Amino acid sequence: MIRHLPNILTLLRILVGAAGAVALWLSWRWEASGEVPAGLGDPVAVITGLASFAVFAFVFAALTDWLDGFLARKLKAESTLGAFLDPIGDKVLVNGYLLAYAAILSFPVEIIVPILAILSRDIIVTILRVSGDKPAGETLPVSLSAKLKTVLAMLTAGFPLLAFVMGWQSTDWALLAWIGALWLTASMTLLTGLNYLIEKRAG
């Protein structure tokens, strides 16, 4: 059972990351509309609870991104399934929260364009991984640029939550800094996607 712990953490990261993004969007929507479904209790408590869960879910999912890999190596439990699920967990977490932010901000062009670029690349790469013709158990090595891209994407997806906690959400500098980071993330994401296609073609 303990040898399956890394994959269990990865699956949990996917579920918690998706739930956190939904909770973030719901907390904003219900606060903006002032309409919380009857039966859920005190509206303020519900909205605060959802927002708090969104922050907790992101932190938990980001930490397990490191922990599942560490445990897999420590327990010598690295597997093809884990290698496949791990990047999916990253993509669900990052894209889920980025789409929630875009919805909260009413999908402005300067935000939705880089998000769609990131999302499109991730979908294409995932499809190629699933439909790949490599032998069972064989995966392409993760490049340093891809690792840096993942770190940058995590920081970019997490920054608005930090801004919310620190009370920076209404400052122009925080928004401009985040938009800049978003475009940088999109650029690195497209470049690593192109590198993946080149390596796949060469392989």
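Me: Are Asp65 and Arg13 buried or exposed?

Reply: This is a predicted model, in which local features need pLDDT of at least 70 and side-chain atom pairs count only at pLDDT 80 or more, while totals for chains, interfaces and linings use all residues. Residues are numbered from 1 along each chain as its sequence is written, and side-chain values use heavy atoms, with hydrogens and water left out. Buried means under 20% relative accessible area, exposed over 50%, and partly exposed in between, with a 1.4 Å probe and protein chains only. Asp65 and Arg13 are both buried, and Arg13 counts as buried because its relative accessibility is 0%.

Me: Which residue forms a salt bridge with Asp65?

Reply: In general, side chains of opposite charge can pair when their charged atoms come close. The rule used here asks for a side-chain nitrogen of Lys or Arg within 4 Å of a carboxyl oxygen of Asp or Glu. Asp65 meets this rule with Arg13, their closest N and O atoms being 3.5 Å apart. Asp65 lies in helix H2 and Arg13 in helix H1 (residues 5-33), so the pair ties together parts that are 52 residues apart in sequence; helices are DSSP runs of H or I with at least four residues, numbered from the N terminus.

Me: How many residues does helix H2 have, and where is its kink centred?

Reply: The expected span of a helix is 1.5 Å times one less than its number of residues. Helix H2 (residues 43-74) has 32 residues and reaches 45 Å from its first C-alpha to its last, close to the 46 Å expected. A kink of about 30° is centred on Thr64 in H2, where the bend is the angle between axes fitted to the seven residues ending at a residue and the seven starting there. After H2 comes Lys76, with a positive phi near 55°.

Key: Helix = DSSP H or I, 4+ residues; strand = E, 2+ residues; numbered from the N terminus.
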